[in-house]
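User: I'm new to this one and would like to learn how to read it. Could you walk me through a few features?

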Amino acid sequence: MPPSVQSLDFGSPGHALHSPPPSGGTLFHLPSLCHPWKPLTAEAICALEPSPALSETGEEMMERKGHHSPQVWFVVLVSSLLCVLLLFSFDHSFLSGGGRGSNKGVAFFVDNYENSVNTREPDLLPFAGSLNKTIDPAPIDKESLPKANNTARNREVPDVGLSPLGVIVGDNSDDDSASPTNQSSEHQSLDMGFDRGSCSGRFIYIHDLPSRFNDNLLRKCESLTRGTDVNMCPYLENLGMGPAVADSGGVLSNTSWFRTNQFLLEVIFHNKMKQYECLTNDSSLASAIYVPYYAGLDISQYLWSSNISVRDATAFDLVGWLSGRPEWRRMSGRDYFLVAGRIAWDFRRQSDDPSYWGSKLMFLPQSQNMTMLSVESSVWNNDFAIPYPTYFHPSKGVEVAQWQDRMRKQERKYLFAFVGAARPELEFTIRGEIINQCLAANGKCKLLNCSSSTNNCDDLVNVMKVFRSSVFCLQPRGDSYTRRSTFDSILAGCIPVFFHSGTAYVQYVWHLPKDHTKYSVFIPLDDVKKVSIEPILQSIPENEVLAMREEVIRLIPRIVYADPRSKEQNFDDAFDIAIKGVLERIAKVRKVIVSGADPSIGKKAPSEGKSYMQLEAELVDFYRPFSLPNRL
């Protein structure tokens, strides 16, 4: 079990006199006044005691030598000038809160903290895997580890026919056009993201949580459920990617495909965090702090319990532990982020009535300060959705490019397809109508029945075979608004058809284009029972279909999680885009604090189509009775 990584103490006594200067700094060596070649700060120079030679009075010197020594007066003059120059050049702005007038307390600290992050580059961790004891990462060649001020990976994209790249250089957190949300579709194939020449503003510190929050959950994987009688143990192989696909019968390519469980995002994300190129073991320099709590696996043990104290126990335990750490006091947790492998509504129980669904993890006061990532977000503005894990975990860009080219050339004999079950127990669903229309489409629609009696959809080869053979893939809501199937269809180059804005458009704002017409078709929920889906899709001009398919294929690298073991990843995947979104979001919160405004969380503003407020009203009713069938 790797030892805990302790934060480095840069404030120990004597550090200023014995540590090397910052890059580009100056050392003052005054051999006539101090120990030979001992570096001094401005304060140290001014505080020097005079040597015995300088303590003599002028008369004594005259008596001894008969005149004043010119060397002594020269040294005195030079020392005085250095004191004056250094004291005048020293930045005293911090004494008055950076000149910000009434901004005090947290605002003062955050302002000076930002300056320190931008000017100090600590050593990167010698072994990222030691940050947490959950799953052993891939072995690391210590000879090739990055040094301070250098990049961990050389992100040159191989010339293998990839879609055109969009390169964002430097820190553009003030520029909305550079944010993950507002990138144009022309720059969404293998987006290079950050300036890889520096970790300034990108350092992340990982809390070494007690094992009860992560490692112990994996040890008792037999008791974890994915909503069926199958335990989670097999899916924990390969750092959470699951068992490798041995033979796909030619449906898939290379060896980068795994039988990944949709609820293991938090494990995959944690293992990718261990390999993040800008980790720091000095929490004072971190722009963000990651909390590796496996919230989804934990709550899956108790979701159907009628005892809300049992459902909430670990949540209270976690926030108690976090708020007791010195790092918490810096911004009261507003620079923390957490990743959950289930939907946010599993952690947002709105009442202590046992009939209400889920835990209250995300409603606890401490949690409301943190940035919360999950596979489906809620109406609160510290919630952000990131893609479900797919079956494809490439190690390098060439594998992505090869799969993209294959999907461009793929013959698609079906106009549209639906992979799913009817779910008649859900009153609001249109799945039954979709299945009826598919069966009546005279061979133009391919249906893969996912009912529990068939188990057709447990085999990823069956699912991908249908998606890759279809032009459009229908994505109605299921137990919640979102579906993993959305990302499986994008992976296959199949244009998704949505019936509710909450399924994708207001969810994955960091990963999918803001203009949803470029990559998808939207048919309002209420129209499905009034019109036929087939003629709507048939009426779309061929050139528009080809353009949408190309956009979908270009999205593939943005919605997959690369293999956490890879040392050759040279493209930005869903993980990289999520990290960029987190860092930008926390930077904005910092600026709000510095400006003196209140960074308290609230609810998201209405979005295009149905507002989040309408979604909330629907979801509150939907998630109230915990006794409904499996909410997966």
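Predicted model: local features only at pLDDT ≥ 70, side-chain atom pairs only at ≥ 80, totals over all residues.

User: Which residues touch the most other members of the largest nonpolar core?

Analyst: A core is read as a set of buried nonpolar residues joined through their side chains. Here the largest one has 98 residues, and those touching the most other members are Trp257, Phe269, Met273, Phe337, Leu373, Phe472 and Leu537. Helix 19, residues 574–594, gives the most to this core, with eight residues. Another core lies apart from it; that one has 26 residues, including Leu303, Leu322, Tyr336 and Leu364.

User: What is Phe337 in contact with, leaving aside its neighbours within four places in sequence?

Analyst: Its partners include Phe269, Met273 and Leu373, which are also on the list of residues touching the most other core members. Among the others are Ile204, Tyr290, Thr371, Ile579 and Val582.

User: Now the backbone. What is the phi of Leu239, and where is Leu239 found?

Analyst: Leu239 is not a glycine, yet its phi is positive, at about 60°. Leu239 sits in the loop between helix 7 (215–219) and helix 8 (265–273).

User: Is Leu239 buried or exposed?

Analyst: Buried means under 20% relative accessible area. Leu239 has 7%, so it counts as buried.

User: And how do I read Asn442: buried or exposed?

Analyst: Asn442 also has a positive phi without being a glycine, near 55°. Asn442 lies in the loop between helix 13 (431–439) and strand 7 (445–449). Its relative accessible area is 75%, so Asn442 is exposed.

Conventions
Residues numbered from 1 in each chain as written. Heavy atoms only, no water. Helix = DSSP H or I, 4+ residues; strand = E, 2+ residues; numbered from the N terminus. Buried < 20%, exposed > 50% of the residue type's maximum accessible area, 1.4 Å probe, protein only. Core = buried A, V, L, I, M, F, W, Y, C linked by side-chain atoms within 4.5 Å. Contact = heavy atoms within 4.5 Å.
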